[in-house]
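The sequence and structure come before the details.

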Amino acid sequence: MTPLLQVKGIEKHYGARIGCADVNFDLFPGEVMGIVGESGSGKSTLLNCLAGHLTPDAGQVIFDTRAEGPVDTVTMSEPARRMLGRTDWAFVHQHARDGLRMNVSAGGNIGERLMAVGARHYGDIRARAVDWLDRVEIAENRVDDRPSAFSGGMQQRLQIARNLVTEPRLVFMDEPTGGLDVSVQARLLDLLRGLVRQMGLSALIVTHDLAVVRLLADRLMVMKDGHVVESGLTDQVLDDPQHAYTQLLVSSVLQV
Ligand SMILES: Nc1ncnc2c1ncn2[C@@H]1O[C@H](COP(=O)(O)OP(=O)(O)OP(=O)(O)O)[C@@H](O)[C@H]1O
């Protein structure tokens, strides 16, 4: 099987400071990879390098595109990368307002993504928007409301609907449950788990919350000071951590 994503020697510095270095891994279709580590370990830098938001100083990010097969997204043109962002990729931000258009209705937020990939028929677009609102447990009668009228949890669910409606080949998620109340997090996590399973999603999920990776990720990479210090199957890494830092990370949570 061709990997969906091949990450080779990715490195990013901010002046003399290491953002991330020497990151190598493959992601296969239908796989969910968790990236964990404490604050400042380089998780967001890595995710942003992979999603084309930051240009790495070195390395390759080879993505198996729908249109042309495997392509290095680091060296591809900016317009081509932006097109990938609208078609093959999706990015779920920690703060829903970074991933939503706050002055556009909920239905419009979902419909816009569909139009970006060529949908034109108003009735079809609206029907799919309503269907996706339902899938993320937002009542149909909220379709014309703006996200600013939604709670934080609803906004996050809307952001997820907007991202998944076009059935992207790869979903990047940056702390998708961060900043929400614990009970809201649990519900969102449950919903995400259902969607990941139903859709067979391929995803990269950055989080500092081991419960998130325990529930969602097949595999795990543990980062410290910009480097991957341990990786493997999620259950294996969490139940039998080999690296002292992973042991510390796991033991610092009571129960995951
Ligand atoms: N724009 C920037 N300019 C300078 N240094 C940065 C910048 N962004 C990140 N860094 C540094 O790069 C390193 C990795 O940061 P990064 O934000 O990727 O970590 P993180 O694991 O995602 O942390 P958090 O969970 O707090 O977001 C840190 O030392 C950080 O201070």
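In this predicted model, Ala106, Gly107, Ile110, Gly111, Leu114 and Met115 of helix H4 meet Ile125, Arg126, Arg128, Ala129, Trp132 and Leu133 of helix H5. By residue class, the contact of H4 with H5 comprises eight nonpolar, two polar and two charged residues. H4 spans residues 106-116 and H5 spans residues 122-135; the two pack at an angle of about 120 degrees, with axes 9 Å apart. Angles of 65 to 115 degrees count as roughly perpendicular and those over 145 as roughly antiparallel, and H4 and H5 are therefore oblique to each other. Their crossing is right-handed.

H4 also packs against helix H6, residues 152-164. On the H4 side the contact is made by Ala106, Asn109, Ile110 and Arg113, and on the H6 side by Leu158, Ala161 and Arg162. Four of these residues are nonpolar, one is polar and two are charged. The axes of H4 and H6 lie 7 Å apart, at an angle of about 25 degrees. Angles under 35 degrees count as roughly parallel, so H4 and H6 fall in that class. The crossing of H4 and H6 is right-handed.

H6 in turn packs against helix H7, residues 182-199, with axes that come within 10 Å and cross at roughly 15 degrees. H6 and H7 are therefore roughly parallel to each other, and their crossing is right-handed. From H6, the residues Gly152, Gly153, Gln156, Arg157 and Leu164 take part, meeting Val184, Arg187, Leu188, Leu191, Leu195 and Met199 of H7. The contact of H6 with H7 holds six nonpolar, three polar and two charged residues.

| Helix pair | Angle | Axis separation |
|---|---|---|
| H4 and H5 | about 120 degrees | 9 Å |
| H4 and H6 | about 25 degrees | 7 Å |
| H6 and H7 | roughly 15 degrees | within 10 Å |

Which residues are around the ligand? They are Tyr14, Arg17, Gly19, Gly37, Ser39, Gly40, Ser41, Gly42, Lys43, Ser44, Thr45 and His208. This shell divides into one nonpolar, nine polar and two charged residues. Strand E2 (17-27) and helix H1 (43-50) each supply at least two residues of the shell. The largest share, three residues, comes from H1.

An unreviewed UniProt entry places the feature "domain: ABC transporter" at residues 5-250.

How values were computed:
Residues are numbered from 1 along each chain as its sequence is written. This is a predicted model: local features need pLDDT of at least 70, side-chain atom pairs count only at pLDDT 80 or more; totals for chains, interfaces and linings use all residues. Axes are lines fitted to C-alpha atoms, for helices over the stretch in contact, and angles run from 0 to 180 degrees between N-to-C directions. Helices (H or I, at least four residues) and strands (E, at least two) are DSSP runs, numbered from the N terminus. A crossing is left-handed if the near helix is turned anticlockwise from the far one by less than a right angle, and right-handed if clockwise. Two residues are in contact if their C-beta atoms, placed from the backbone, lie within 7 Å. Ala, Val, Leu, Ile, Met, Phe, Trp, Tyr, Cys and Pro count as nonpolar, Asp, Glu, Lys and Arg as charged, and the others, Gly among them, as polar. UniProt positions are given in the numbering used here, feature names are shortened, and annotations may be inferred rather than shown by experiment. A residue is near a molecule or strand if its C-beta atom, placed from the backbone, lies within 6 Å of it.
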